[in-house]
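Here is a short report for a first look at this structure. Keep the sequence and the 3D view side by side while reading.

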Amino acid sequence: MNTNSSVCFLITTTSGREKVLHWVIQNLCKDISIPFHLYIYNDYAKPLIQSLIKLLKTEGRNDIELIVYNDTGILNKKKIGCGGARHLMFEQTKHKHDIVISLDDDMQLKPKWLENVMEAMNDFPNHSIFTGVVKGPLGDIQLAGSNFNINNKTLYRNDITEVKKKYQLTDWGPMGCMALCRSALTDLVSIPPLYIRDDAALYLKLLNLGINKTVVVSGAEAIHKPIPVPSSNLRLKEEMDKEVIYFKEVFGLNLGY
């Protein structure tokens, strides 16, 4: 991938988390030097468009194309969660851009994140999923990819918290900090519109399509929750119960995590 590649970021946010969203976008403005598109799904937060336009203007980034979905609640009258929002935005972007980056509203990319990921894309021309190393505010490694295991019709997930080399291959990475390109941006690929656990569902979908493993780039670091942030209340029991049924019906699997 080169610096002329069309890049976009997908961020879903929700009520009460506007402060960290602004922090994340402010740092994108400072640390991502090339032009990019910024797609945001407002999952029942207060209207965001005016404050974000002001932020981009303050940062002098008139080369960032901003698209905010559902700012007035017209598209949906109820919360659809991260997976539902990612599903909608991914369908709008996967044929328009060379690199689509899924980013949580509380995930700050450190400087050189995109440059190092794009370098990895050149080093791994047959791969389509890339991620970096997610750290806590104090520098502890929270996640450096994940491995899945299916045993007795149950899906288990093991998160990796060690970095041993420049690149390492894992089954998966965090949807809150993931770059998709090439064969991941086709008609066959869609992010399942689940309220939560869309990451595991997308992993299984890609696995069935034969798409290669995730490349974890050690030099692409992100900070999870760079400032204190309230919970998004994603893990509602009724939604978790729905996902259990979904995995059983669609994939014939129980969830072991």
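V133 stands opposite E221 in strand 12. The model is predicted: local features need pLDDT of at least 70, side-chain atom pairs count only at pLDDT 80 or more, and totals for chains, interfaces and linings use all residues. Residues are numbered from 1 along each chain as its sequence is written, and side-chain values use heavy atoms, with hydrogens and water left out.

Strand 12 covers residues 214-224. Helices (H or I, at least four residues) and strands (E, at least two) are DSSP runs, numbered from the N terminus. Two strands pair if DSSP finds at least two bridges between them. Strand 6 pairs with strand 12 in the parallel sense, over five bridges. Strand 5 (residues 107-109) pairs with strand 12 in the antiparallel sense, over three bridges. There, L109 has A222 as its bridge partner. Strand 10 (residues 167-170) is also antiparallel to strand 12, with four bridges. Y167 is the bridge partner of V217 in strand 12. Nine of the eleven residues of strand 12 are buried, so the strand is largely enclosed by the rest of the structure. Buried means under 20% relative accessible area, exposed over 50%, and partly exposed in between (1.4 Å probe, protein chains only).

How many of the five residues of strand 11 are buried? Five of the five are, so strand 11 (residues 177-181) is largely enclosed by the rest of the structure. In a regular strand, side chains alternate between the two faces of the sheet. C177, A179 and C181 point one way from strand 11. M178 and L180 point the other way.

Strand 4 (residues 99-104) joins strand 11 through five bridges, and the two run antiparallel. S102 has M178 as its bridge partner in strand 11. Strand 6 (residues 129-135) also runs antiparallel to strand 11, joined by three bridges. T131 stands opposite M178.

Three strands form an open sheet in the order 8-9-13, with mixed pairing. Its edge strands are strand 8 (146-151) and strand 13 (254-255), each of which pairs on one side only. Strand 8 and strand 9 (residues 154-159) run antiparallel, joined by six bridges. N151 has T154 in strand 9 as its bridge partner.

## Helix 5 against helix 6

Two packed helices are described by the angle between their axes and the distance between the axes. Helix 5 (residues 198-209) and helix 6 (residues 237-251) pack at an angle of about 10°, and their axes are 11 Å apart. That makes helix 5 roughly parallel to helix 6. Angles under 35 degrees count as roughly parallel, over 145 as roughly antiparallel, 65 to 115 as roughly perpendicular and the rest as oblique. Axes are lines fitted to C-alpha atoms, for helices over the stretch in contact, and angles run from 0 to 180 degrees between N-to-C directions.

Which residues meet here? From helix 5 come A200, A201, L204, K205 and N208. From helix 6 come Y246, F247 and F251. Contact means heavy atoms within 4.5 Å. By class, the contact has six nonpolar, one polar and one charged residues. Ala, Val, Leu, Ile, Met, Phe, Trp, Tyr, Cys and Pro count as nonpolar, Asp, Glu, Lys and Arg as charged, and the others, Gly among them, as polar.

Helix 5 has twelve residues and reaches 17 Å from its first C-alpha to its last, close to the 16 Å expected at 1.5 Å a residue. The expected span is 1.5 Å times one less than the number of residues. Its buried residues include D198, D199, Y203 and L206. Their cover includes helix 3, strand 6, strand 8, strand 9, strand 11 and helix 6. G210 follows helix 5, with a positive phi near 80°.

Helix 3 (81-93) has 13 residues and reaches 19 Å, close to the 18 Å expected. Among its buried residues are G81, R86, F90 and T93. Strand 1 (7-14), strand 2 (36-43), strand 3 (64-69), strand 4, strand 11 and helix 5 are included in what covers the buried residues of helix 3.

## A residue in helix 1

Q26 is found in helix 1 (residues 18-31). Q26 counts as partly exposed, at 25% relative accessibility. Not counting residues up to four places away in sequence, Q26 touches L55 and E59. The C-alpha atoms of Q26 and L38 are separated by 12 Å, and the two residues are twelve apart along the chain.
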